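I opened the notebook to go through this model piece by piece. These are my entries, in the order I made them.

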Amino acid sequence: MGLDGTYGRRTGGGEQPVPGPAARAGFFPGARQAPPRGQPPQPRRAPAGPFDLYAWLSEPRATELPGVYGYGHVPRPPEPEDGGGVPVPGRTLLGRAALNLVVAWLLFRYGGPLLFDVLNWVFHLTRLRHDSLTSPYALVQLLFQVVLVALLIRVFGRMGRWPEVWRRYAAPALARLVTHERPAEAGGPDGGAPLSAPHLDPWQELRAAGAWAGAQALDEEVRRGAVGDVDYVRIRRAWQGVAGEPARLREFTDEVAARGGAACAHPSAARDLAVRCAEHDLLMRQVRLGTVQDVPKNPAGHRGAGFALDPALLGTSLLAVGPAGNGKTTLLVRPVAEALCLQALANTACVVVVGAADADLGPDSAYDVVIAPGDPASPYGLDLYGAAQHADEAAARLADALLPDELALRTEVARATVQQVVGPFRSAHGRCPGVRELRDLLVGAPEAWAELTGALREAGRLDAHRHDLQQRERQHGRADDPGTLLADRLALLDRPAFAGCFNPSRDEPGEQKPPFAMRALEHPLRVRVKLPEQSHPEAARMLARLVVGQFVQAASGRRDRSLFAGLVVDDATAAVDANTVRGLQRMRGANAGALLALRSLADLPEALRAPLFGAVGCRMAFPGIAPWDGRLFSEAWGTVWVQEKAVTQTPDTSGGMLRRAGRAFRGLLAGAPVQTQSVTTRSVERQLWSPSDLAHALPAGHAVASLTTVEGAQVAPLLVDLRS
């Protein structure tokens, strides 16, 4: 990839652009236990099959609450509360409703005839009774029955909370029945026949602008089920781009009329992913991750709803903490990466996914650019300076990545050292130095230093960089020379296994792979970076810091921010530094965000833990985290006022001789003295989620997540079942 951010593959006649390769159950009432661990989740839909676009568009969507999966969601009505603010348990509510129904029926069944006899006696005395249906007696009798039924419903319905039973159980069940159990129409997606078109026009805006030919071509493909959700969102985005430019409208119309659902395609020509492991709604740009549990700790509006993430939430960045093997990759990281890849195919996002080479983050065919240092089959390399146009900025990011965590205090000195070499080299040669060239210059090799000085003299740039060269020469050979340390660290990348993977030197043998530059985030790219954690662990940590630092720098410095730039890091332990923490805060206003997964906060330097928590807007705790990790979550989520009841039991000594004798007999039978209870209720402040709850009481397959949108809307911590 060149400095202009384009990428391609070198051929004999030049460079041709090519597409990329294709709790315990008793602790949380109502929480379901997760199924045993097994294989990774299977794809929910085969994207290659016919797609019913009309049904997908006509499905109701809720957008009121952040974090709620809007597709097909029916808002839950507010639940009335008893005194003390605790909702009535379902078993108690249903039992009370059934008891009142039985009593009301008995009164109507046996009390009604008695009242009718009294009514008959009154009419008999007044001689108004007749057998005709239109007689006053018949009308009064009918009216009496209606009033009696209404009175019984009013009295016993209020005592039995029948309206609450309707709102909590009957209404949602009826809504699900109406919404999801539609009668199967002949010729549906499974039958292969043309799909029926209800009174819905997906291309109304195109027809209104006069693009009849394109709309008719799309209608024909929609009836065949050949237009998917990715196609619809991609074409609508392209239409929004040309709607205000009449000069481009004709070109858009011709392409849609000629190519139909394949119009305005992604540069890779892909229209969908081969498999999907999660449920997505591209119209709302959401990915469904699980179900919010119906427990008192969760906000009432989220209980029982689907839990989803979208760019509005990922724009504040998400930090997920949990030990290895608890499902972070399978249940969170891969679905989010998959969602961003689908949005990239719809030309609405770009994504960089970083993880180990053996991490299950989707097949290589789901990405346009696959960078696998150490793998000879990897089609692309990595530009070590590809985050910025200015040499000093790119050199600073490389210096940050080279230093280990224990030497972070010398960051400024290391940055200046690399900048004193990279800047003059680029002025002399028009490119940044390769790994071997940079290493020789940092250690002060005489041949490399003489060659750089001569090249600057020939280019007429020696005077401009004389000060940097003199400073670097004074450091050569000293015991505290930072160049020696940086060269030793850079030697980890100058290995035969990494040949051709990074910026090449002038005399470096072998075929060079086209390097990917992070400046290309203005294009809807899907990038997968595979780190060699097994064969070269220290080099993998350096590359993780470099890629994350470059992304933060490039995402914040984009001129065109119309695409959402997403970063997904499967294990961000080595990738987080002070520069990354500062960059996460800047990305909120740059239409970009990151998902950072950690095994433990203890793996980070202590000086970064609290700032990292403050920099992200969304936080997620998985089962099995350490109590000291749970303390940071607990402090971030704050406290809540709860009603605490204190029960005091004392021996019952009231009453006369007969009552005392009865109590003595009851105590003899029960084996314990009869006692009275006194209950005291008071409001106390408690942690919403204590460190002990997070460390020991979360069920497997669950997580606790708090959310914040880019606009500032916040959602209290939610207990989510990620396997439902």
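Predicted model: local features only at pLDDT ≥ 70, side-chain atom pairs only at ≥ 80, totals over all residues.

**Entry 1**

I began with strand β7, residues 349–356. How many of its eight residues are buried? I found that eight of the eight are, and the strand is mostly covered.

I then looked at what pairs with β7. Strand β12, residues 564–569, runs parallel to β7, and six bridges join the two. I noted one partner here: A349 is bridged to F564 in β12. Strand β11, residues 526–531, is also joined to β7 by six bridges, again in parallel. For this pairing I wrote down V353, whose bridge partner in β11 is R528.

One reminder for reading the sheet: side chains in a regular strand alternate between its two faces.

Next I went to L361. It sits in the loop between β7 and β8, the latter being residues 369–371. Is L361 buried or exposed? Its relative accessible area is 2%, so I count L361 as buried, the cut-off being under 20%.

I checked the surroundings of L361. It touches V353, V354 and G355, and also R528. T329, V333, R334, Y367 and D570 complete the contact list, which leaves out residues up to four places away in sequence. R528 had already come up as the bridge partner of V353. Between L361 and R528 I read 167 residues in sequence, but 8.7 Å in space, C-alpha to C-alpha.

**Entry 1: K530 in β11**

I stayed with β11 and took K530, which lies in that strand. The relative accessible area of K530 is 16%, so this lysine is buried. What does its side chain meet in a polar contact? I found the side chain of D364, at 2.9 Å. D364 is also among the residues that K530 touches, together with G355, A357, V370, I371, A372 and P373. Residues up to four places away in sequence are not counted there.

**Entry 2: helices α11 and α17**

I moved on to a helix pair. Two packed helices are described by the angle between their axes and the distance between the axes. Helix α11 covers residues 391–402 and helix α17 residues 537–556. I read an angle of about 145°, with the axes 8 Å apart. The crossing of α11 past α17 is right-handed.

Which residues meet at this packing? From α11 I listed E393, A394, R397, L398, D400, A401 and L402. From α17 I listed M542, R545, L546, G549 and Q553.

**Entry 3: R415 and its partner D400**

The side chains of R415 and D400 make a polar contact at 2.9 Å. R415 is buried, because its relative accessible area is 15% and the cut-off is under 20%. Leaving out residues up to four places away in sequence, R415 touches A396, R397, A399, D400, N579 and R582.

**Entry 4: cysteines and positive phi**

I searched the whole structure for disulfides and got zero. I looked at two cysteines anyway. C264 is buried at 14% relative accessible area. C277 is buried as well, at 6%.

Where does C264 sit? I placed it in the loop between α8 (246–259) and β3 (279–281). Its phi is positive, about 55°, although C264 is not a glycine. Most residues other than glycine have a negative phi, so I flagged the value.

R285 gave me another such case: a positive phi of about 60°, and again not a glycine. R285 belongs to the loop between β3 and β4 (286–292). With a relative accessible area of 27%, R285 is partly exposed.

**Entry 5: N100 in helix α2**

My last stop was N100, in helix α2, residues 90–126. At 11% relative accessibility, N100 counts as buried. A polar atom of its side chain lies 2.7 Å from the backbone oxygen of R96. Beyond four places in sequence, N100 touches F156, M159, G160 and W162. I also noted R158: 58 residues from N100 in sequence, and 9.2 Å away in space, C-alpha to C-alpha.

Conventions. Residues numbered from 1 in each chain as written. Heavy atoms only, no water. Buried < 20%, exposed > 50% of the residue type's maximum accessible area, 1.4 Å probe, protein only. Polar contact = N/O pair within 3.5 Å; in protein donor to acceptor, adjacent residues only side chain to side chain. Contact = heavy atoms within 4.5 Å. Helix = DSSP H or I, 4+ residues; strand = E, 2+ residues; numbered from the N terminus. Pairing = 2+ DSSP bridges. Disulfide = S-S within 2.5 Å. Axes fitted to C-alpha atoms, helices over the stretch in contact; angles between N-to-C directions. Left-handed = near helix turned anticlockwise from the far one by under 90°.
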